[in-house]
Amino acid sequence: MAAQTDPLRDESGDVVEPSESESALETARRQLYQAANHLDIDPSIVERLKYPKKVHEVTVPIKRDDGTVEVFTAYRAQHDSVRGPFKGGLRYHPDVTRDECVGLGMWMTWKCAVMDLPFGGAKGGIAVNPKGLSSAENERLTRRFAQEIRDVIGPNQDIPAPDMGTDPQTMAWLMDAYSMQEGETTPGVVTGKPPVVGGSEGREEAPGRSVAIVTKLACEYYDRKLKETTVAVQGYGSVGANAARLLDKWGATVVAVSDVNGAMYEPEGVDTTAVPSHDEKPEAVTEYADTVISNVELLTLDVDVLIPAALGNVITKENAKTVAADFVVEGANGPTTSTADSILAERGVVVIPDILANAGGVTVSYFEWLQDINRRAWSIERVNDELEAEMHAAWDAVQSEFEQRDVTWRGAAYIVALSRIAEAHEARGLWP
Ligand code: NAD
C-alpha cells in the first residue's frame with residue numbers, strides 16, 4: 001500500500017507557502033509543522049498527527065414530509081485519541097466535506113490539549129442545508145445519522161456536540177436515539193444538550209465567556225486597564241454577544257458590534273444588553289444603530305481589541321495591513337488566514353488564537369460530560385468558577401512558552417498542545 005502523501009509539501013519535502021484559500025486541513029497541518037519545529041519530538045509522531053485516525057463516511061436516507069426519500073452524505077472524522085475519547089462538533093451545512101471534517105477535527109485535538117482536557121479531536125457533519133428541512137425531517141435525519149454512526153460514538157469513544165446548523169435540540173435527539181438503541185439512558189454520548197436531559201448550565205455562554213476571560217488576561221499581561229479598553233466585535237451570535245456583554249459588564253467600552261447586515265458603531269459605547277443577540281432576534285443589530293458601518297470597516301476600526309466572532313478567513317492578506325487594533329482575540333474558528341497572521345505578527349498586533357480564546361465551549365462540554373457520568377448537576381456558579389480556573393491555567397501554560405521562545409501567542413498555544421500530545425504518544429508507544 002502506498003504511504004500517505006502530504007499535500008502541504010513540495011517534491012523536495014519543503015513546506016509550501018500558504019494560499020489565501022487554504023483549507024482548514026492545510027492550515028491545521030501547517031500549524032502542526034510550525035509547532036513541531038520548536039520541539040524536540042519524534043518525527044514519527046508528527047507524521048502520525050498529520051492524518052486522522054479514522055474517517056467514517058455514511059449515507060443517511062430520510063423520508064421527506066412529501067413522502068419522497070432523499071439520501072444525504074455524512075462524515076465523522078476522528079483525528080487523535082491518545083489523551084482520551086474523541087471530542088468535537090457536528091455541523092449540518094451544504095459545504096460539509098470529508099477534508100473539512102478532518103481539518104476541524106485536528107483543531108479540536110489541539111484545542112483539547114491546550115486546555116489539558118482528557119479528550120482527543122473529532123468533527124463531523126451532514127452535507128445538508130438544515131434551513132431546507134422541516135423540524136420533523138431534521139429529527140428523522142438526526143436519528144438516522146445517530147444510528148449510522150452509533151458503533152463509533154459513545155461516552156468513552158467519541159462525544160459529538162453542536163456546531164454550525166445544529167443545536168441543543170439536535171443533541172437531545174441524538175442522545176435519545178443512541179440511548180434507545182443501547183437500552184440505557186446515556187447522556188454522556190453528546191454534550192451541548194438541554195440541561196433537562198443532562199446538559200450543563202453555562203454551556204451556551206461558555207465560548208463567549210472564555211473569549212472575555214482571555215481578553216481580560218491579555219489586557220492584564222500588557223498592562224492595559226479593561227476600563228480604558230475599547231472593543232469591536234464582529235458577529236453578535238452566541239460567541240460575540242456573550243463576549244461583548246461580559247466585557248461591557250467588566251468595564252470595557254464596546255464601541256462596535258455587527259451581524260451579517262452590517263455593524264453598529266457607537267464611540268461612546270454600545271449598550272450590549274439592549275442589542276439583541278442572534279439567538280434573541282436574528283440579524284437585528286443594525287435596527288438598533290444610530291450609525292451603521294460595514295463589516296469591512298469594523299475590522300479596521302481604531303480600537304484596542306478586535307474580536308472576530310462570526311466566520312473564518314475574515315482577516316486576510318488584503319485587510320491585515322489595515323487592522324488598527326492592538327489585540328485580535330479570535331472568537332470564531334480560524335478568522336485569520338495564515339498570510340494575514342504573518343502580517344499581523346510583523347506589525348506587532350497581538351493575536352490570541354481561537355484554540356485558546358473560544359475553548360470555553362469544549363471546556364464546559366467536558367464539565368457536562370463529568371456531570372453526566374456522575375449523574376450530578378453543577379450550579380452555574382461552579383461551572384463559571386471552574387471555567388475561570390481552567391482558562392487561567394491554560395493561559396499560564398501558553399504565557400510560559402510565549403516568554404521562553406521567540407513565538408507568537410498562537411505559536412505558544414500550539415507548542416503547549418503538541419508537547420502534551422507528543423508526550424502522551426511517547427508514553428503509550430506505537431501499537432503493536
Ligand atoms: P451564531 O450563529 O450564534 O452567530 C453568528 C453571528 O455572526 C450572527 O450574528 C450573524 O449575523 C453573524 N454573521 C454571519 N455572517 C456574517 C458576516 N458575513 N459578517 C458579519 N457577521 C456575520 O454563531 P456562533 O455560535 O456565535 O459562532 C460564531 C463563530 O464562533 C463560528 O466561527 C463558530 O465556529 C465559532 N465557535 C462557536 C462556538 C459555539 O459553541 N457557539 C464555540 C467555538 C467556536
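**Entry 1: Asp223**

I began with Asp223, which counts as exposed at 72% relative accessibility (exposed is over 50% relative accessible area, buried under 20%, partly exposed in between, with a 1.4 Å probe and protein chains only). I found Asp223 in the loop between α6 (206-221) and β6 (230-234); helices here are DSSP runs of H or I with at least four residues, strands are runs of E with at least two, and both are numbered from the N terminus. The phi of Asp223 is positive, near 55 degrees, in a residue other than glycine.

A note on my source: this is a predicted model, where local features need pLDDT of at least 70 and side-chain atom pairs count only at pLDDT 80 or more, while totals for chains, interfaces and linings use all residues. Residues are numbered from 1 along each chain as its sequence is written, and side-chain values use heavy atoms, with hydrogens and water left out.

**Entry 2: other backbone points**

I keep in mind that most residues other than glycine have a negative phi, and most peptide bonds are trans. Asn313 has a positive phi of about 55 degrees; I place this residue in the loop between β10 (305-308) and β11 (327-329), partly exposed at a relative accessible area of 40%. I also looked up the peptide bond between Trp431 and Pro432, which is cis with omega about 5 degrees. Pro432 sits in the segment after α13 (409-428).

**Entry 3: helix α3**

How many residues of α3 are buried? I read 14 of the 17, so the helix is largely enclosed by the rest of the structure. Helix α3 covers residues 98-114 and reaches 25 Å from its first C-alpha to its last, close to the 24 Å expected (1.5 Å times one less than its number of residues). Asp116 follows α3 and has a positive phi near 60 degrees.

**Entry 4: strands**

I traced β1 (residues 54-63) against β2 (residues 69-80): they pair in the antiparallel sense over 10 bridges (pairing needs at least two bridges in DSSP). Lys63 has Val69 of β2 as its bridge partner. Five residues lie between the strands of this hairpin, where Gly67 has a positive phi near 95 degrees.

**Entry 5: ligand**

Which side chain places an N or O atom 2.4 Å from a ligand oxygen? I found that of Glu283. For Asn333, a side-chain N or O atom is 3.2 Å from an oxygen of the ligand. The protein covers 75% of the 830 Å² of accessible area that the ligand has on its own (Shrake-Rupley method, 1.4 Å probe).

Note on methods
A polar contact is a pair of N or O atoms within 3.5 Å; within protein, one must be able to donate a hydrogen and the other to accept it, and residues adjacent in sequence count only if both atoms are side-chain atoms.
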